[in-house]
Every structure is written in C-alpha cells, then in structure tokens.
Amino acid sequence: MRKLFDIVLLDADETVYDFKRAEKTAVGLTFEEFGIEPTDEVIALYSDINLSCWKALERGELEREKLKTVRFQRLFEQIGAKPADYSAVNDSYLDNLSRQAFLIDGALEFVKKLHQYCKIYLATNGLTVPQTGRFERAAIRPYVDGVYISEQIGASKPDKAYYDYIFRDLGITDKSRVIMLGDSLTSDMLGGRNAGIATCCFLNGGEPTGSDLCDYEISEYDEFFDVLFEKASP
C-alpha cells in the first residue's frame, strides 16, 4: 500500500463538528437572553439567514465584520422583534457557540486513526472566538496538529490566499502531498481547486455531487483511507 498524502486540511463544521446542533443550542441561549422565544421556526430562519451571509462572504459580497451583526439585524427585522444592540447579540452568540464542541458520530475515531498516518490541520472559515473555544473543548484536539481560522488569516476559503498562507506557514513545497477534505463545494472543494491541491468531498451519507471540483467523494469516514492509500502495482 502506498500513501498518497502526508497532510490533510480538514474542514471543521459539518465535516467533523456537528455545527447544526451547536448552532441550535447557542442560538437558543442567546435569543432567550434578548427576550426572543427560540422556537424551531425562528432558529431555522436564523440558520438560513446565517448561511446566506456566509455564502455572500465566500463570494466576496459581504465583509466579515458586517456579517457578525447583519445576520441578527435581518432576523430581528423579519420576525418583527424590537431592534437591539446587534453587536451585543453577536458577542453573546459567539460566546455561547464557543462552548458547543459537539462532534459528528464517528468523527473522533476517524481523526484519531487518521493521525497515525498524516498531519491534520483544521481549515475553517469560522470566526476566531467560537472556533478557538470549540477546539479547546473538542475531543479531537490531541489528534490535530494545528488550526487555521479565516478571521485570523485575513482570507477565507475558497480564496487562494487562504491556502497560500497555510502553505507558507507550514513550509509546504510539494502540494501534491496535500488534500482538502470537507463538505462544501463552494468553499472546500473550490478552495482546494484554486489552491492546486487534491479535494475530497465528505457526503456524510448524502448523494454524490457529481461535481468536477471533487477528485474524490466519500459517504463514510472510513472510505477516506481508500483515498489516502493506493495499492502498489503488482
């Protein structure tokens, strides 16, 4: 068996972290603090607004600092809530989110096993406060060699500059030994393409994407080891 990659850039949310559960918990705590009943409908609406804001960030249509407050402003306006100090709402949410380190089932075992063969670096578009706090609390922490957070770098996936920063920081000269593993076509897979590295989409049991942005697609964590290793020629 021949190992193809030495470094795995591993997306965080919805690749190893259960972000949906973390978001729901943090949003509920925050909204209660600001007098909003955290119904399933309100939380789902916030999630949709938040996702649209992050996609706008990926496309370069929204600045990161603006994102922090505009997502709550849009929600409050849509549900007819009394205007608030949206910076304070954001600060509360980020603090609450930083405490939610839920993992997807099987993620801990996967990362622990993968670390026997590769260096692993979390590569996330998240914000510094929640991503740092969650990583410090996460069971995968001992098996991850570093974390690259877009807010700290000053560039976001899929921007090539995000990956160039990582390559410089790690002294990577042979990009053929690096692979991006994540769940998002628009940030992880496109980002890997822009950076000139291999890409593997984690479907988490979902349907294949058929996208040419993906060199590989896996439905289960263990399938990644078929990507990592190639049988030697007879």
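Trainee: What do the buried residues of helix 6 pack against?

Mentor: The buried residues of helix 6 pack against helix 1 (19–33), helix 4 (86–97), strand 3 (119–124) and strand 4 (146–149), where packing rests on contact, meaning heavy atoms within 4.5 Å. This is a predicted model, in which local features need pLDDT of at least 70 and side-chain atom pairs count only at pLDDT 80 or more, while totals for chains, interfaces and linings use all residues. Residues are numbered from 1 along each chain as its sequence is written, and side-chain values use heavy atoms, with hydrogens and water left out.

Trainee: Which residues of helix 6 are called buried?

Mentor: In helix 6, which runs over residues 128–137, they are Pro130, Gln131, Gly133, Arg134 and Phe135. Helices (H or I, at least four residues) and strands (E, at least two) are DSSP runs, numbered from the N terminus.

Trainee: Why is Arg2 called partly exposed?

Mentor: Arg2 has a relative accessible area of 43%, and because buried means under 20% and exposed over 50% (1.4 Å probe, protein chains only), with partly exposed in between, Arg2 is partly exposed.

Trainee: What makes the link between the side chains of Arg2 and Glu230 a polar contact?

Mentor: The two side chains are joined at 2.3 Å, and a polar contact is a pair of N or O atoms within 3.5 Å, where, within protein, one must be able to donate a hydrogen and the other to accept it, and residues adjacent in sequence count only if both atoms are side-chain atoms. Not counting residues up to four places away in sequence, Arg2 touches Leu228, Phe229 and Glu230, although Arg2 and Leu228 are 226 residues apart in sequence.
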